Amino acid sequence: MINAEFKNAGLDESKAHTQVKIGFVCEKGTSDLNLFINMAKVNQVPVDEMKLVTKDGKQEVELVLDGNIKEAGMRQFLCQTAKESEGFRIIGRYARKLE
């Protein structure tokens, strides 16, 4: 699944980038958002930006991650997040930091 996500977002390894933006959904009542942030830390993937919007009992999360999909920690984090969250998507990648 994650390789399809990479391809669909245009994240082939030949394109230079320093950030990856992802999105996923958590249930508000049983939110494990802290676990996703911890997974990023364990995989040494810094979070540059986070957006959280709650609608109808769901937390819609977007994270801008500092790194490149060539990095093992980033790939591990993306794969694990895709498996353990709802609505996982790779929104895009950026060659410079978002401002």
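Helices (H or I, at least four residues) and strands (E, at least two) are DSSP runs, numbered from the N terminus. With that settled, hello everyone, and let's walk through this one together.

This is a predicted model, so local features need pLDDT of at least 70 and side-chain atom pairs count only at pLDDT 80 or more, while totals for chains, interfaces and linings use all residues. Residues are numbered from 1 along each chain as its sequence is written, and side-chain values use heavy atoms, with hydrogens and water left out.

Ile 37, Val 47, Met 50 and Leu 52 make a nonpolar patch of about 290 Å². For patches, residues need over 30% relative accessible area and no salt bridge; like charges are joined within 9 Å, and nonpolar side chains (Val, Leu, Ile, Met, Phe, Trp, Tyr) within 5 Å. The areas are Shrake-Rupley values with a 1.4 Å probe, and for residues only the protein chains shown count as cover. Strand S2, residues 47-55, gives the most to this patch, with three residues. Met 50 sits in S2 and is partly exposed at 42%; here buried means under 20% relative accessible area, exposed over 50%, and partly exposed in between (1.4 Å probe, protein chains only).

Now, the charges. How many salt bridges does the structure hold? Four, each being a side-chain nitrogen of Lys or Arg within 4 Å of a carboxyl oxygen of Asp or Glu. One of them pairs Glu 62 with Lys 21 at 3.4 Å, N to O. That pair links distant parts of the chain, with Glu 62 in strand S3 and Lys 21 in strand S1, 41 residues apart. Glu 62 also meets Arg 89, at 3.7 Å. Because Arg 89 lies in strand S4 and Glu 62 in S3, this pair ties together parts 27 residues apart in sequence. Through shared partners, Lys 21, Glu 62 and Arg 89 form one network.

Moving inside, Thr 81 is in helix H3, residues 72-84, and is buried, with a relative accessible area of 0%. Beyond four places in sequence, Thr 81 touches Ile 22, Phe 24, Phe 36, Met 39 and Phe 88, where contact means heavy atoms within 4.5 Å. Ser 85, in the loop between H3 and strand S4, is also buried, at 14%. The Ser 85 side chain reaches the backbone oxygen of Thr 81 at 2.7 Å.

Last, the cysteines: Cys 26 is buried at 4%, whereas Cys 79 is partly exposed at 26%. Taking a disulfide as a pair of cysteine sulfur atoms within 2.5 Å, the count is zero.

Methods: Polar contact = N/O pair within 3.5 Å; in protein donor to acceptor, adjacent residues only side chain to side chain.
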